[in-house]
Amino acid sequence: MNIDITEFNRINVIDTCAIDNLLSSATLYRAARSSNCSFCYTKFVEYEMLYKNRKNIDEKSKELQQKLKDETCAKRLECHNLSIDDLQEIEILEQRKRLGSGELSSIAFAKKINQNFMTDDSKARKLGGLVLGIKRVQTTPHLVGWLFYKRELIDSDFSVIISEHQNYNRPLSQYFEEAYLESLRIRSMNK
Amino acid sequence: MPIDIISLGKKINRCRKNLALELSDVSEKVGISIERLDEIERGHIEPTGDEILIFADFYKQDYKYFISNEKLSATEQIEVLYRKFGDDFSKEDRWALQEFIYLCENEQEILNYLEYENVNFSAPKYPNVYKSQGAETAEKLRQFLGYKNDELYSDLFSEFRKIGLHIFRRRLCNSKVSGLFIKHPNAGKCILVNYDEDTYRQNFTLSHEVCHALLDDEFEFSVSFKNDNDYREIRANNFASSFLIPPSFIEKLRAVTWNEELIVDVANQLKVNVQTLLIALKSNNCIGKSQYERFMVLKIPRKQKEDFELKGVSPTIIESKKTLLEKGLSTYYVRNCHEAYKNGHISSGRLAENLLVDESELTSILDLFKLKLDYEY
């Protein structure tokens, strides 16, 4: 996937998986916020994160749930509601059997407020791109690459981010590394 | 399009009632207050879009069903079914039934994405119901599927899936029901087999329900109880017996000298219970009454009964695959869902929903099938 890490849209509606990936690393999340990135999620994603039956929920997932609650209480993350009209949009109806409901509600809300959708699933990214346009669908590795490129994150942060991410059993270390290396490559070319 | 909140509230209420749930049960699981749920169901307030998605997820429905007038759900049929047989389904079994319908809808959608083409078997239409029509139809279907003489099936489930039937097994805990057939407005003909029964009995139930799907499809649904003696049930039994034990196979055995060991071997070869085999042998005059009674005491231990859908599965993962099967997740279904995911038709979130798990559990299920999720930078 070709992602231009020199640019990143700061306002994102974020899906369940990407919330876990973002909150897994306090270093990454802090850097994103200090770069004026803002994230919100939908009520369905809240249901998916906090209420939906998860049979084998482990301690790490519970910690991520608590982080979401804390960030929402502190108004650093906002939770929003779609209307029924938003669900009746033709493009949303057309994608309803192809996307998970969390992804679908995030895309519908991003469309409504004319902002961006953040997901870490490659298929959701492509399907979301059909509704929003591919430039308005972003990923957590993209955010990582951009923060390193902008020097909001420094080289010594990389191993910390990976360690924090892996501590929560999240799956994106390899892609964080690729994004980090891409930032080094671009920066070296710009020297 | 403006929403009729009275009709919407009734649909949501119907979903809850079909599952025999109280408002408090739902409230706890979905994070919406009892008062608000009640107001929504009464049609006093309009739910938000997210609440519609939550109801759709919780009740395993297509959200479009709630916000349009299209007949997209089997909820009405299920309501009629429960009105007729409600006492025979526990709360757990109602969940199992709802998830079965959800799996059928998903399977149809996935097969559409994969451009899977069914072969169209036109079952004969009979003005009246006679037992022998079962055997006639079984023979026609065997020929249609290309089976010659006494040839047996390598996988009964995949044979029936070829003709466009959605087949799932679920463990029905407190039910007298061995299987059922539902004609879904979108997904088509759907068959549920009670996984609680022994494997060979399940083969018989499956074939029995296939007969209902082929010959009784003027009805919206059919529920088969253990020891049911209705005419249509007798015809369906005749179909099942003839399909599982083809007459040409019996002919081959006409000159055989039967003993206990041979009876068990042949039953295992056909993957039917001893009782089913003996009835077929007796009705074809291959054994007499005294042999029938002598052999009737024979039993094949459950553990020795090989499952068509677990053939060749490594012993290290067989228990995990059994657990999936009893939830309805057959290898056929899981692989097709993953194929649709791999080809970009569905996202991992949708894949997880199709497999009745959350995304954190996806990897462990896919590992059992040596399948992977794709991430990318």
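**Two chains and their interface**

Mentor: Leu180(B) stands opposite Val223(B) in E4(B), where helices (H or I, at least four residues) and strands (E, at least two) are DSSP runs numbered from the N terminus. This is a predicted model, in which local features need pLDDT of at least 70 and side-chain atom pairs count only at pLDDT 80 or more, while totals for chains, interfaces and linings use all residues. Residues are numbered from 1 along each chain as its sequence is written, chains are lettered from A and ligands numbered from 1 in the order in which they are written, and side-chain values use heavy atoms, with hydrogens and water left out.

Trainee: In which sense do strand E2 and E4(B) pair, and over how many bridges?

Mentor: Two strands count as paired if DSSP finds at least two bridges between them. Strand E2 of chain B, residues 177-184, runs antiparallel to E4(B), and the number of bridges in their pairing is five.

Trainee: How many of the five residues of strand E4 of chain B are buried?

Mentor: Buried means under 20% relative accessible area, exposed over 50%, and partly exposed in between (1.4 Å probe, protein chains only). On one side of E4(B), Phe221(B), Val223(B) and Phe225(B) are buried, and so are Ser222(B) and Ser224(B) on the other. For the strand, residues 221-225, the count of buried residues is therefore five of five.

Trainee: Why does Cys337(B) count as buried?

Mentor: Cys337(B) is found in helix H17 of chain B, residues 331-342. Leaving aside residues up to four places away in sequence, Cys337(B) touches Ile110(B), Ile346(B), Leu351(B), Asn354(B) and Leu355(B), where contact means heavy atoms within 4.5 Å. Cys337(B) counts as buried because its relative accessibility is 0%.

Trainee: What is the area buried between chain A and chain B?

Mentor: At this interface, 49 residues of chain A are in contact with 42 residues of chain B. Buried area is the accessible area (1.4 Å probe) that two parts lose on being put together, summed over both. Carbon and sulfur atoms give 53% of the total, which is about 4,100 Å².

Trainee: With which residue does Glu109(B) form a salt bridge?

Mentor: A salt bridge is a side-chain nitrogen of Lys or Arg within 4 Å of a carboxyl oxygen of Asp or Glu, and the count between chain A and chain B is five. For Glu109(B), the closest N and O atoms are 3.3 Å apart, and the partner is Lys97(A).
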